[in-house]
Amino acid sequence: MYPEDLIAPMRQELTSIGFNEARTAAEVDQYLANEGTTLVVINSVCGCAAGSARPAVRIALENTDKKPTQLVTAFAGNDVDGVNRARAAMAPFPPSSPSMALFKNGELVHMIERHHIEGRTADMIAENLKMAFDEHC
């Protein structure tokens, strides 16, 4: 586990734009049981989370009219139960962090794995997200 004071600013990058934290399996289950679309972001301390993933989510949400009904995040390495439950819902995709998954009425409809984030700009990832929002939200 990472010290909470170290990751607090990384958490805040997402919570400050409307994300709800799902630290437990029950919280993840609660969000995924709701109707509508849910964007789940597995947050991370790595450079690709800081340089591409979190900025991409912000850019995508700021630049689209179609947005997910719910925004949910869990932090890899700290929110173990929440991350494990979210990753189980993301099957058959292997665990990766950071990662992003869009669910519609609890069903996985779009997935962005770490290897889709590494080496890509925030703008490229944001375009991927916006296309998913346009199709499913």
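Where does Arg-54 lie, and what is around that residue?

Tutor: Before we dig in: this is a predicted model, where local features need pLDDT of at least 70 and side-chain atom pairs count only at pLDDT 80 or more, while totals for chains, interfaces and linings use all residues. Residues are numbered from 1 along each chain as its sequence is written, and side-chain values use heavy atoms, with hydrogens and water left out.

Arg-54 lies in helix 3, which spans residues 47-62. Helices here are DSSP runs of H or I with at least four residues, strands are runs of E with at least two, and both are numbered from the N terminus. Arg-54 counts as buried because its relative accessibility is 5%; buried means under 20% relative accessible area, exposed over 50%, and partly exposed in between, using a 1.4 Å probe and protein chains only.

Now the neighbours. Leaving out residues up to four places away in sequence, Arg-54 touches Met-10, Glu-13, Leu-14, Asn-43, Ser-44 and Ala-49, with contact meaning heavy atoms within 4.5 Å. A polar atom of the Arg-54 side chain sits 2.9 Å from the backbone oxygen of Ser-44. That is a polar contact, i.e. a pair of N or O atoms within 3.5 Å; within protein, one must be able to donate a hydrogen and the other to accept it, and residues adjacent in sequence count only if both atoms are side-chain atoms. Further along the chain, Pro-98 is 44 residues away from Arg-54, yet their C-alpha atoms are separated by 9.0 Å.

Met-10 and Leu-14 take us to helix 1 (residues 4-15), where Ile-7, Met-10, Arg-11 and Leu-14 are buried. These four sit on the same side of helix 1, because they cover an arc of only 105° around the axis, the arc being that of the directions from the helix axis to the C-beta atoms. Their cover includes helix 3, along with strand 1 (20-21), strand 2 (37-43) and strand 3 (70-75).

Leu-14 also touches Phe-19, whose other partners include Leu-39, Val-57 and Leu-61. Phe-19, Leu-39, Val-57, Met-100 and Leu-129 have the most contacts inside the largest nonpolar core, a set of 24 residues. A nonpolar core is a set of buried Ala, Val, Leu, Ile, Met, Phe, Trp, Tyr and Cys residues joined through side-chain atoms within 4.5 Å. Strand 2, helix 3, strand 4 (99-104) and helix 6 (122-136) each give two or more residues to this core, and helix 3 supplies the largest share, eight residues. There's a second, separate core of 15 residues, with Leu-32, Ile-42, Ala-86 and Phe-103 among them.

Leu-32 belongs to helix 2 (residues 25-33), and is buried there with Ala-25, Val-28 and Tyr-31.

Zooming out, the protein chain has six helices and five strands. Its radius of gyration (over C-alpha atoms) is 13 Å, close to the 14 Å from the globule rule for 137 residues, so the chain is as compact as a globular protein of that length; the rule is 2.2 Å times the number of residues to the power 0.38. Buried residues make up 47% of the 137.
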